[in-house]
Amino acid sequence: MRANIPLKIEEPLFPPPVPVGLVIGIRSIVSRHKGRRALTRSPIPGRAFRKRVVCGSIPSIRQRPSPVQIEEPFIRTAEILLSPLLTLDELGPFREACVTYSVRQNGRSHSPSCRQQGKDRGESMTTTLAEFRARRYHERACRTCGGADLPELTSHERTEIGKLVDLLPDREEAVRRRQAAERAYAARVRAAEAIDERADRILNGWGSLADERRRAEGRPAGVLTAVTACSQYPDCDAEAELSFDQRTLEVGFRCPVDPAHGRFLREDGKTRELWRFDSHIRYDALALIVTAIADGDDSWAEVYGTRAHDHRKVIAELRAFDETNPQPMELGVNVLCGLCGRVMDVWDGDAKYELPPAYSCDRRHADGRYHHADKAEVDTMIDYTLLPQLHGRFQWVLSPELAPDPASLVSYADHLQAKINTYDTHIGAAKADGSLKHQRERLTTRLALVRAIQEQGVFTVARLDALVRDPWTATSQHRRGMFTDLGRALLVERVVCHRDDIEVFTRFDEDTALYRRLRAEDLREQIAAARSQLRRLEEELARLGE
């Protein structure tokens, strides 16, 4: 919304010489204003020049134009009615006022006559102010035109606008204070993250530590110590000791029960210190290192000071929740470790380091190694196992026995929501932990999946109904993933991952009750079809004999 109001600017005739730098600066400033064009040719000191001004849009009220230049405060009216600091109830009858606007591809609203729209302007629309705000266009309104064209206001409506103006100063001041506090806290978070990254490089020994060693030269010699849990917990519940040499930047770990705890002797005779990768020890070690390298900066203590405690707390609370609240059901593939029989966790991979998703067992086995299997390999083995079993009988995938019980879905949704609430209550400063963050994302994703199953049905969400409708298309695309993760979870009983082999046990194996029922139904249908065919053949033979 704009108004074309001429601005009176006197044209200087033969002004005195002006320094080139000053003239160019004036030209660049004036040229940036959208409604004006400045010097038509490059000025030369000592020569006359002309300045031309054309009519343009009124500057935003945030630029505080002079009341003499603006006879009617269109922009200020738009800012008041579109202000997110006012509610619809406070706007009263203005909610039904009609506004005309257009929206660019970036989501910013403009007056149809605004020159800031550019080439990607949208079509003009007219809606009520309530609908305009419901679409949240008022939060990204153009600052030049106000965001929309408003109708002419009567004197009574202007009076009501004035009452709304009185509500804004205190709220704007509160917003400014909140934003200032958020900026200050964000600055402290950045400072804390910088210190935490330094401590992380020292702990892992990654990269060059030349700068840290130069800083360490000015510190007093000595070794700092702290108490932590053993890396073999819960198998070993002893209190281990962490140490940090302020001069050499060496970080040590020692369990009083067995010095070999937290370490693994490789075949080449080198010792690998595995304790550095245990989160509860890692956070204690970082806190110990920061004590020496922070140099009086308390930002780390403010942001991450309770991280180690919060990490232990949230893990303990989640473990206690699982013990007291058994999970009603499972909508994921049951993948077991072939070495210890434990349920393997799903890891989504890391695109940054090109690491694919995998199933992993977090326990170190007798050979000193952890065990994992690529998720793509497991999915492929499941698909290759299911395809021969379902060949010619894809209708089996819609068996009622495969669908979860509705009551179990309700209980599972409540279980997931309660676990998310437990996580949010106790996460504290450990919210940046990658493993815990991934765990919460999985809970949120699983809860959304349960809601979708309740609304659409499990076979629709798993896309098994599409498989029955057009099996040939699905079969021809099985190499790219014939089944969804939910579909595999419904059709597979368990998967056992060994070092060199993957075993898949489906719900259609010959020793299952479901297979016997479905196979018996197929045989009855085939026998009935065969008998019907036999009768037709006998009838045909009888006609031929006549």
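**Note on the packing around helix α12**

1. The axes of helix α10 (residues 307–324) and helix α12 (residues 406–426) come within 9 Å of each other and cross at roughly 160°, and because angles over 145 degrees count as roughly antiparallel, α10 is described as roughly antiparallel to α12. The crossing of α10 and α12 is right-handed. The model is a predicted one, and what follows should be read with that in mind.

2. On the α10 side, the residues that meet α12 are Asp310, Lys313, Val314, Glu317, Leu318, Phe321 and Asp322, while α12 contributes His415, Ala418, Lys419, Thr422, Tyr423 and His426. Sorted by class, the contact of α10 with α12 has five nonpolar, three polar and five charged residues.

3. Helix α12 also packs with α13, at an angle of about 155° and with the two axes 10 Å apart; α12 and α13 are therefore roughly antiparallel to each other. Here α12 passes α13 in a left-handed crossing, whereas the crossing of α10 and α12 is right-handed.

4. From α12, the contact with α13 draws on Leu409, Val410, Tyr412, Ala413, Leu416, Gln417, Lys419, Ile420, Tyr423 and Asp424. From α13, the contributing residues are Leu436, Lys437, Gln439, Arg440, Leu443, Thr444, Arg446, Leu447, Val450, Arg451, Ile453 and Gln454. By class, this contact of α12 with α13 has 12 nonpolar, four polar and six charged residues. Lys419 and Tyr423 of α12 are listed in the contact with α10 and also in the contact with α13.

5. Among contacts between residues at least 6 apart in sequence, 64% join residues at least 24 apart. The accessible surface of the protein chain comes to about 32,900 Å², of which 51% belongs to carbon and sulfur atoms.

Notes. Residues are numbered from 1 along each chain as its sequence is written. This is a predicted model: local features need pLDDT of at least 70, side-chain atom pairs count only at pLDDT 80 or more; totals for chains, interfaces and linings use all residues. Side-chain values use heavy atoms; hydrogens and water are left out. Axes are lines fitted to C-alpha atoms, for helices over the stretch in contact, and angles run from 0 to 180 degrees between N-to-C directions. Helices (H or I, at least four residues) and strands (E, at least two) are DSSP runs, numbered from the N terminus. Angles under 35 degrees count as roughly parallel, over 145 as roughly antiparallel, 65 to 115 as roughly perpendicular and the rest as oblique. A crossing is left-handed if the near helix is turned anticlockwise from the far one by less than a right angle, and right-handed if clockwise. Contact means heavy atoms within 4.5 Å. Ala, Val, Leu, Ile, Met, Phe, Trp, Tyr, Cys and Pro count as nonpolar, Asp, Glu, Lys and Arg as charged, and the others, Gly among them, as polar. Accessible areas come from the Shrake-Rupley method with a 1.4 Å probe; for residues, only the protein chains shown count as cover.
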